[in-house]
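Subject: Structure for your review

Dear colleague,

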Amino acid sequence: MDFDNIKRTAILASHEGGNILKDFFGKKLKVRHKGEIDLVTDADYLSEKAITKIIKENFPDHQIFAEEKKDYTDRTSPFIWFIDPLDGTTNFAHGLPIFCISIALQFKGSTIMGSVYDPTREEMFFALKGNGAYINDKRIRVSETKKLDKSLLVTGFPYDIRTSKENNLKHFQSFIMKAQAVRRLGSAALDLCYVASGRFDGFWEIKLSPWDVAAGSLMVQEAGGKVTSFMGEKLDIHGGEILADNGIIHKEMLEILRSTK
């Protein structure tokens, strides 16, 4: 397995997509609605096009599964790239500089590479399975916060928050009463990277897609943290829900998730 080429490709694709996002950011955008509050812009599509072009040039036989056009290839290869060309579209559309590009590679169902690029801060988070997690080539580690009541948490809310009873509001209410504080940034991929780098102590969310969590979940694990379902089971990136933290507060967070109905 050519890990050097995998890393080169992911970083090059991230920067190409990032340059497109920077060109569009802060300008008047053509915004469309995939749902009532679920937005998409031309920047999403052009970033995805640039990213997938680079990946296909370097790995023409690999599967590519991206947010906007979904499946680009057949399903014969054991390699699958998961791409979110703009995670944080609502922030982006409003001129809020909290968004990123998330790219992950799975081999036979196991995530082996994750990259998350924040073009506004020029922060490249990168992880290879078994080789640690990094930001701009500097090793990162999860926090050492030992108790939930001293922890800074982060979460997000699903796009059907207005119509579905499963909207994370009860979990949010429970955690905000137990943790030191809870934040909501609007980018699950960055949330996970911030857990990996110790900026947050824990993260949970529901109704996420594989491209939202594939890269960031590997980042947390390679930084020494823990990632599971709400029941403490092995993470399924297709399962919709995720709990990620420094590993120390994992039990306390699980107890709240299990007890909140």
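Helix α6 contributes the most to the lining of the second largest pocket, namely four residues. The model is a predicted one, in which local features need pLDDT of at least 70, side-chain atom pairs count only at pLDDT 80 or more, and totals for chains, interfaces and linings use all residues. Residues are numbered from 1 along each chain as its sequence is written, and side-chain values use heavy atoms, with hydrogens and water left out.

The pocket

Helices (H or I, at least four residues) and strands (E, at least two) are DSSP runs, numbered from the N terminus. A pocket is understood on a 1 Å grid over the protein atoms alone, as an open set of points where a 1.4 Å probe fits, with protein on both sides within 12 Å along at least five of seven lines; lining residues have an atom within 4 Å of a point. The second largest pocket holds about 320 Å³, the volume being the space filled by probe spheres set on points joined across faces, edges and corners. It is lined by 15 residues, of which Gly-109, Thr-111, Gln-221, Lys-234 and Leu-235 are the closest to its centre. Both β7 (110–118) and α6 (210–222) supply at least two residues of this lining. By class, the lining has four nonpolar, seven polar and four charged residues (nonpolar: Ala, Val, Leu, Ile, Met, Phe, Trp, Tyr, Cys and Pro; charged: Asp, Glu, Lys and Arg; polar: the others, Gly among them).

The salt bridges

There are four salt bridges, each defined as a side-chain nitrogen of Lys or Arg within 4 Å of a carboxyl oxygen of Asp or Glu. For accessibility, buried means under 20% relative accessible area, exposed over 50%, and partly exposed in between (1.4 Å probe, protein chains only).

- Asp-137 and Lys-7 pair with their closest N and O atoms 3.9 Å apart. Asp-137 is in the loop between β9 (133–135) and β10 (138–139) and Lys-7 is in helix α1 (residues 3–24), so the bridge ties together parts 130 residues apart in sequence. Asp-137 is exposed at 65%, while Lys-7 is partly exposed at 31%.
- Arg-199 and Glu-123 form a salt bridge at 2.9 Å, N to O. This pair links distant parts of the chain, 76 residues apart: the loop between α5 (188–196) and β13 (202–205) holds Arg-199, and strand β8 (residues 123–128) holds Glu-123. Glu-123 is buried at 13%.
- Arg-121 and Asp-118 meet at 2.9 Å, N to O. Asp-118 is buried at 0%, whereas Arg-121 is partly exposed at 39%.

Kind regards
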